[in-house]
Amino acid sequence: MVDALKFDIETVDSITDPTTGSGDVFLFPDALGQEGRPYVFMVEDPPHKTRARHYHHADVLYVYTKGEHHIEGEGTYRAGDLRWTRAGHAYGPETTGPDGGAWWVISYADPIPVDVESDEAGADTPAPAVAPNTLPEFAAPYDWPAIDAAVRDVGGAIVKSVLDEARLVALDKDIDRYLLGNEGSGGPQSGSGTYDMFLGKRTIRLHGLVEKVASTAELIGDTQIVSWAERMMGGVANSVLLNAGELIQIEPGEPAQFPHRDTDSWPALPLGSSPMLVNAIYALDDFTTENGATHVAPGSWNWDEGRRPTRDEYARAVMKRGDALLFRGDVIHGGGENASTARRRALSISYCAGWLRTVENSFLNIPLTTVRTLPINVQNLLGYSPHDATNRNGGLVGLYECGDPQRAISG
C-alpha cells in the first residue's frame with residue numbers, strides 16, 4: 001500500500017453520474033476502496049440539479065470547490081466549505097445553484113447513495129432489514145407453469161432445495177480448491193473504475209467456471225433450468241446462450257450493490273413482456289438480511305426509465321443453502337450489504353437470447369480442450385451452435401466458416 005496518493009483532475013476523464021444520469025463524476029483508479037484506501041472522487045453537477053432524499057452506507061466528507069449546494073433542512077454550502085454526514089443519516093433533497101456545483105467526496109465505504117422515500121421527514125436510519133414485499137416460493141415437486149408465471153408476472157421466485165447436499169459439497173470443494181490454489185484471484189479488474197466499484201471491492205467473482213470449477217458444468221447445463229430459460233425467452237429467441245456463469249462471494253464489510261438491471265449491459269435493449277435475459281442465483285450459503293440477501297424490486301421492468309425503487313418496494317431473497325432465486329434480467333435488483341462476519345457465497349448462472357453478445361466471453365475463458373469434454377448441450381450454451389431465426393423471417397448468427405460451430409469442436 002502506498003503512503004500517499006495524488007489526485008490530478010486533469011489526468012482522468014469524467015463519466016456521466018450513474019446514479020442520476022446527469023452531471024460528471026471523476027474517478028481515480030487508486031482510490032476505489034482497495035487495500036484499505038478510501039473512496040475519493042469528484043462530482044460536478046449542472047445548475048439547478050436536484051437529487052432525491054438519500055443516505056450513505058458510511059460516513060462521508062464533502063469538500064466544496066465550486067458553486068452552491070443547497071440541502072433541505074441544512075442550508076447552502078459554497079466553495080471552501082466542508083460537510084460531514086454520518087452513515088445511515090437520510091437527508092435531502094439537495095439542489096445546486098445557478099452556476100452548478102462541484103465537490104470532492106471522501107469515504108471509507110462505497111458512497112453510492114441509497115434513495116429513501118421523500119415523505120420520510122426526519123428519517124435517520126438506513127433501509128430496514130426486511131421489506132414488506134415477498135417473492136413467491138416453490139417447493140418440490142416443482143410446479144413449473146406456476147414458477148414461469150411468477151417470474152413473468154412478479155419478476156422472480158425462490159425455488160427451494162434445488163441443490164442437494166451432495167452437489168453442494170462438491171461445488172464448495174471445487175471452489176475452495178481453486179481459490180486456495182489461486183490466492184488473490186477474483187478481484188475486480190475490468191479496467192473501468194466505475195464498473196469495479198459496481199462489482200464490489202470486497203466481493204470475489206469468477207468467470208470461466210467450467211474451466212476453474214468443473215462441477216459447475218452440470219449446473220450450467222441443468223435441463224430443467226435451461227428449459228425454464230428457453231420458455232421465458234421463447235417470445236424473442238429460438239435458443240439461449242450462457243450469458244455469464246459466475247461465482248459471487250460477498251465478503252464481510254461489502255456495502256449494498258448499486259441497484260441495476262442485468263439488461264443494462266445492453267443500453268439500447270428495450271424492456272418488454274418477454275425478458276431477453278434470465279438469471280438463476282444458487283445459494284451456497286444461507287442468504288440472510290444480515291449477510292447480503294439479494295434485493296429485488298417486483299414489477300420494475302414495467303417502470304418508466306429512470307425510476308428507482310423506494311425502500312418499501314424491495315423484496316429480499318432470503319434463502320437456505322441449496323435454494324435458488326430465479327428472476328428476469330430486466331427487474332431491478334442488487335446484492336445486499338454484508339454486515340455479518342462471514343462470507344455469502346453464491347453461483348449466478350444467467351442465460352440470454354441466443355442472438356445477443358454475452359457478458360462473459362466463453363470462447364476465451366474456456367479452452368477448446370475443455371469444451372470438447374463437455375456435454376453437447378453445455379457446448380451449445382457456450383456458443384458452439386448457431387442461433388437460427390429463419391422461422392421468424394430472420395437468419396443465422398454465430399456461424400463457423402458459414403456453417404455449424406460444432407465442426408470447430410469435432411475438427
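At 5% relative accessibility, Asp45 counts as buried; the word buried means under 20% relative accessible area, exposed means over 50%, and partly exposed lies in between (1.4 Å probe, protein chains only). Arg51 is buried too, at 11% relative accessibility. These two residues form a salt bridge, with 3.0 Å between the closest N and O atoms. A salt bridge here is a side-chain nitrogen of Lys or Arg within 4 Å of a carboxyl oxygen of Asp or Glu. Asp45 and Arg51 also belong to a network of salt bridges that takes in Asp17, Lys49 and Glu94.

## How to read this model

You are looking at a predicted model: local features need pLDDT of at least 70 and side-chain atom pairs count only at pLDDT 80 or more, while totals for chains, interfaces and linings use all residues. Residues are numbered from 1 along each chain as its sequence is written, and side-chain values use heavy atoms, with hydrogens and water left out.

## The whole chain

Let's step back for a wider view. The chain has 10 helices and 22 strands, where helices (H or I, at least four residues) and strands (E, at least two) are DSSP runs numbered from the N terminus. Its radius of gyration is 22 Å, close to the 22 Å that the globule rule gives for 411 residues, so the chain is as compact as a globular protein of that length. That radius is taken over C-alpha atoms, and the rule is 2.2 Å times the number of residues to the power 0.38.

Of the 411 residues, 51% are buried. Among contacts (heavy atoms within 4.5 Å) between residues at least 6 apart in sequence, 75% join residues at least 24 apart.

## Bridges between helices

In total, the structure holds 20 salt bridges. Which residue does Asp148 meet in a salt bridge? The partner is Arg231, at 2.6 Å from N to O. This pair links distant parts of the chain, 83 residues apart: Asp148 sits in helix 1 (residues 144-153) and Arg231 in helix 6 (residues 223-232). Asp148 is buried at 7% relative accessibility, whereas Arg231 is partly exposed at 36%.

Another salt bridge joins Asp222 and Arg167, whose closest N and O atoms are 3.8 Å apart. Here too, distant parts of the chain are linked, 55 residues apart: Asp222 lies in the loop between helix 5 (216-220) and helix 6, and Arg167 lies in helix 2 (residues 165-181). Asp222 is buried, with a relative accessible area of 13%.
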